[in-house]
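Please find below a note on the model under review, arranged as numbered points. The points may be read with the sequence and coordinates at hand.

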Amino acid sequence: MAVARIALPVAVPHAFDYWIPDGLDVRRGSVVRVRLGHRSSVGVIVGVDATSLVTDRLQPIDEVVEGPPIAEEILDLAEFAGRYYQAAPGLALELAVPPAAKARSLRRRAAADAAPDARAAVALNPAQASAAGEIAGALGSFGAFMLRGVTGSGKTEVYLAAAKEAVARGGQVLMLMPEINLTPQFEQRIRIALPGAQAVTLHSALAAGARRANWDAAASGVAQIVVGTRLAVFTPLPGLALVVVDEEHDDSFKQQEGVRYHARDLAILRAQRRGVPVVLGSATPSLETWAGARAGRYRTLELPLRADPRAQPPAIGFVPVRGSRAQDGISTPLLDALAQRLARGEQSLLFVNRRGYAPSLKCASCTWESECPRCAARLVVHHGPDRLRCHHCAHVERLPRACPQCGNVDLTPLGFGTQRLEQAIRARFPQARVARVDRDTTARRGAFAKVRQQIEDLEVDILVGTQMLAKGHDFPRLTLVGVLGADNALYSADFRATERLVALLMQVAGRAGRADLPGQVIVQTDFPDHPVYRALATQDYGGFADELLAEREAAQLPPVTRVALLAAEAHSREDVDRFLASAVARAQALAGDAAGVEIFPPVPAAMARKAGFERGQVLVQSMQRSALQAFLARWREDLAASAGTKLRWSIDVDPVAF
Ligand SMILES: [Zn+2]
Ligand SMILES: [Zn+2]
């Protein structure tokens, strides 16, 4: 009796044996339905054997869910993800299962079917043409490229030109990007650059039917261009010829729960195994990619100029916050610049990375400050309706009229969020049309697209918003960007905070000015000489990245070292402490054998309490990936045996924040 080993989506470190009924045509990769306890579950066959050690108690496979088995390449990739990211094999294999199997019959939503666009494909400038030529020249074998292009330099045109060549040779192209860049405008650009090619998108916002239809088009080889977010890295592509990771520095490529994979890193691995080139594009490459290029593992392609030769880089200036008699947090030079833009009929963006009215509420006569009862965090003041809200859990309460501690009615909102800025701008410029763009104003489906359209149609004069507006949006008449509150990130305990801040500020600054209208950026800061702001002012990301890399080397931090994080949370701090202390003891015993793995003492998480859970963590690191991997596999087994039911724990390999 033949037996199948099946990976099921449960958090156990092994597969399950089932017998294969006569006549059922299954093999490795087949997606099948079985009973697991009292439930019915879909799993993936990872192996077939003639016998099983547990034959007498085996259940049969109920049915085959999918026709053809999952491609070996995708199985390998998912199995690798499970091993490398220390996840249960069944959870990792689930990433390879085709989406929503039953929605197959729906009509394919092909980009090629949409209304044609009158605009012609743009001609490449010499730097773009040379970069595209290098990538196209590398088709047919593995090679990794770091494509570094300043904001507005036209990286997308390079991807599309290289993609065109790959498609012309009968290949498929996988393009991964952050969610926010997957706009209808982007799909339109693909259509213009590659008329006649079929392009499909894959991301979580798609309806199940459309997602399945697009997946089918990719898996069958019908779609030549597949554009998607991180989950798309597991899409079968029989003709894969080129992989592109746009905005490769973006943290959204890292999954933050379950199988904590990094789609950029898996994309590089996939390209290597498939023998095709991979392009990592960014204006501000991650230090991981930067180090790869510096070490000669990646070839560097540069786009030093904005694609439109008339466009100049924005003028960047700094104004102090302290002692500037700033009105409602906005300094006089910034107010003057806003007034100028209004008079000229140009648009402005005020960027502050905090939503709500004010980050906290404080009593003027005692020590009381609005704190979340369930998190180690301040409650944020929101108006309309007036509430105190936690941004880390669901906690909401009424805005108090008096101090809950001393009864004083003089309560002061501290700091500035988007709501407060919006209110201040409306009061200051009553004639201006103001729009606020943050998670609160765009929660409804279609709300973001609507405000985008209003900006494009010049129905908005001043935008107040968070980083939602920072990325991938081109507004030709937007000539002024004001940056507020960025200094807050300089104090972050996260060693990646400055890397992130530079990336964000360069992106925000890149919104200012296009073509014939020069841009201006005004940053409110009390530390204009900080390396982050120097890099912004000189637009010299390379120099900044080199310095940062030297610092990481001196401090023995990623990407120089390999790091994994054990995180634990429980209702009682004692449970967390006990678990982590025993985890460290076990790790030290193991690391005695596994040379070169360093174990740090347990510490509270950056947010020590969240949604009622006490949180702690242990960091382990090594200079060698393989040493760390070997250690983690054994440590994980130990931990699984020792953790009680009261505690949740996880291992995050190559964490993006800790
Ligand atoms: Zn008080
Ligand atoms: Zn909370």
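Predicted model: local features only at pLDDT ≥ 70, side-chain atom pairs only at ≥ 80, totals over all residues.

1. **Domain layout.** The domain assignment divides the protein into domain 1 (3-97), domain 2 (105-303), domain 3 (315-358 + 415-550) and domain 4 (562-653). Between domain 2 and domain 4, the C-alpha centres are separated by 36 Å.

2. **The seven-stranded sheet.** An open sheet is built from 7 strands in the order E8-E9-E7-E10-E11-E6-E12, with parallel pairing. Strand E8 (199-202) and strand E12 (299-303) form its edges, each pairing on one side only. From one strand to the next, the twist averages 20°. Within this order, strand E7 (residues 172-176) and strand E10 (residues 240-246) run parallel and are joined by 5 bridges. One pair to inspect is Val173, whose bridge partner in E10 is Leu242.

3. Helix H6 (residues 208-219) lies across E8 and strand E9 (225-228). The direction of H6 makes an angle of about 130° with that of E8.

4. **The three-stranded sheet.** A further open sheet has 3 strands in the order E16-E17-E18, and here the pairing is antiparallel. The edges are strand E16 (380-382) and strand E18 (396-398), each of which pairs on one side only. Neighbouring strands of this sheet are turned against each other by 30° on average, direction ignored. E16 is linked to strand E17 (residues 387-389) by 3 bridges in the antiparallel sense. In that pairing, His382 stands opposite Arg387 of E17.

5. **Strand E23 and its partners.** Is strand E23 (residues 520-524) mostly covered or mostly open? E23 is mostly covered, since 4 of its 5 residues are buried by the criterion of 20 or more other C-beta atoms within 10 Å. Strand E13 (residues 315-319) pairs with E23 in the parallel sense over 5 bridges, and Ile316 has Val521 of E23 as its bridge partner. Strand E22 (residues 478-484) also runs parallel to E23, joined to it by 4 bridges. For Val483, the bridge partner in E23 is Val523.

6. **Thr525.** This residue lies in the loop between E23 and helix H13 (531-538). Why does Thr525 count as buried? Thr525 has 21 C-beta neighbours inside 10 Å, and the threshold for a buried residue is 20 or more. Leaving aside residues up to four places away in sequence, Thr525 touches Phe318, Val321, Ala486, Asp487 and Tyr533. Thr525 and Ala364 are 161 residues apart in sequence, and their C-alpha atoms are 26 Å apart in space.

7. **Packing of H12 and H13.** The axes of helix H12 (residues 497-509) and H13 come within 10 Å and cross at roughly 30°. H12 is therefore roughly parallel to H13, as angles under 35 degrees are classed in that way. The crossing of these two helices, H12 and H13, is right-handed. From H12, the contact involves Thr498, Leu501, Val502, Leu505, Met506 and Ala509; from H13, Val532, Ala535 and Leu536 take part.

8. **Packing of H1 and H7.** Helix H1 (residues 72-84) packs with helix H7 (residues 263-274) at an angle of about 140°, the axes lying 11 Å apart. This angle makes H1 oblique to H7. The crossing of H1 and H7 is right-handed. Glu73, Leu77, Phe80 and Ala81 of H1 meet Leu266, Leu269, Arg270 and Arg274 of H7.

9. **Helix H8.** Which residues of helix H8 (residues 287-294) are buried? They are Leu287, Thr289, Trp290 and Gly292. The elements covering these buried residues of H8 include strand E6 (143-149), strand E11 (277-282), H12 and helix H14 (541-555). Just after H8, Gly296 adopts a positive phi of about 85°.

Notes: Residues numbered from 1 in each chain as written. Chains lettered and ligands numbered in written order. Buried ≥ 20, exposed ≤ 12 C-beta atoms within 10 Å, placed from the backbone. Pairing = 2+ DSSP bridges. Axes fitted to C-alpha atoms, helices over the stretch in contact; angles between N-to-C directions. Contact = placed C-beta atoms within 7 Å. Domains from an automatic or database assignment. Parallel < 35°, antiparallel > 145°, perpendicular 65-115°, else oblique. Left-handed = near helix turned anticlockwise from the far one by under 90°.
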